[in-house]
Amino acid sequence: MLSIQNLSKTYPNGTKALNNVTLEINKGMFGLLGPNGAGKSTLMRTISTLQIADSGSIEFDGIDVFDQPEELRKVLGYLPQDFGVYPKVSAEMMLNHIAKIKGIHHKSDRKTYVADLLQKVNLYKFRKRNLGDFSGGMRQRFGIAQALIGNPKLIIVDEPTAGLDPLERNRFHNLLSELGEDAVVILSTHIVDDVVNLCSNMAVFNQGAISVQGHPQELASSLDGKVYRKTITKNEVEKYQSEYMVLSNYLHNGKMNVNVFSDFAPGEGFELINNDLEDFYFYSINQPQIVL
Ligand SMILES: Nc1ncnc2c1ncn2[C@@H]1O[C@H](COP(=O)(O)OP(=O)(O)O)[C@@H](O)[C@H]1O
Ligand SMILES: [Mg+2]
């Protein structure tokens, strides 16, 4: 459905944000997982027709995105990372306004449409409240509502869960999980759990390039039998980093743990663990090229 070919972009200051990105994305929820600065927002904005690349092409459902940006916009729903709202406008008024712009001309149709949308994102109760008084989670749910106007076939959400508390994130996950069936949905995130919970396909994106693509579960299992954990002291972290391929170090019940990738048992004190997508993610962003 969405076909991205050899996309490259270097900003005027010399930052190479996209380095020959090629990606095929089908219906359903696709996770683009990568650290800050990887180039995710650059890619999302480029697909959304807000900026153009230096080279390469993007095609969606027969639309050439660079040649026919207006056509793409008709089928696009986009929630940008830095989603700003007019603070003194109510959710209902804003959605009504956007729906009007998007061509829902009949007033009573529009009223029903906006009410349905507010129900869907669980904000109907707060429809009269000004957007400036919304919590982070409510604001993101409003962001989804505005992105859904016009029944888009391509939905792009850029880091929608960053900054949400666990409860809000959970609620937002439930909302996102309903989007994936009839549309191509791209979720960009640096949060591994977003992908685990929601996505049937994913890519790890790092330093402007796709390092690997596949099913989250299969990618995670590709490291089975090769991830070991050891409890160490805090000041040993550097020593382990120099001796082993440390995927992550983290505190657990106040004790420092390291997760290490190794083809064989690394020795005293290490135990083989049930590795997960997070281990794979850290593994893949440490590898310039992955061969599975
Ligand atoms: N308008 C811009 N001008 C110059 N550099 C930019 C601009 N936007 C992003 N960058 C740089 O491009 C790289 C990728 O940024 P971005 O696409 O925002 O990544 P991500 O969304 O994954 O954090 C970063 O190094 C960032 O500093
Ligand atoms: Mg970003």
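## The chain as a whole

Of the 292 residues in the protein chain, 49% count as buried (under 20% relative accessible area with a 1.4 Å probe, protein chains only). The chain exposes about 14,900 Å², and 46% of that comes from carbon and sulfur atoms; the areas are Shrake-Rupley values with a 1.4 Å probe.

Keep in mind that this is a predicted model: local features need pLDDT of at least 70, side-chain atom pairs count only at pLDDT 80 or more, and totals for chains, interfaces and linings use all residues. Residues are numbered from 1 along each chain as its sequence is written, chains are lettered from A and ligands numbered from 1 in the order in which they are written, and side-chain values use heavy atoms, with hydrogens and water left out.

## Fold and dimensions

Ten helices and 14 strands make up the secondary structure (DSSP runs numbered from the N terminus: H or I of at least four residues for helices, E of at least two for strands). The C-alpha trace spans about 70 × 45 × 35 Å along its principal axes.

Take the contacts (heavy atoms within 4.5 Å) with a separation of 6 or more: 67% of them join residues 24 or more positions apart.

## Helices α3 and α5

The axes of α3 (residues 91–101) and α5 (residues 136–148) come within 10 Å and cross at roughly 20°, so the two helices are roughly parallel (angles under 35 degrees). Ala91, Met94, Leu95 and Ile98 of α3 make the contact with Phe142, Ala145 and Gln146 of α5.

Note on methods
Axes are lines fitted to C-alpha atoms, for helices over the stretch in contact, and angles run from 0 to 180 degrees between N-to-C directions. Angles under 35 degrees count as roughly parallel, over 145 as roughly antiparallel, 65 to 115 as roughly perpendicular and the rest as oblique. Buried means under 20% relative accessible area, exposed over 50%, partly exposed in between (1.4 Å probe, protein chains only).
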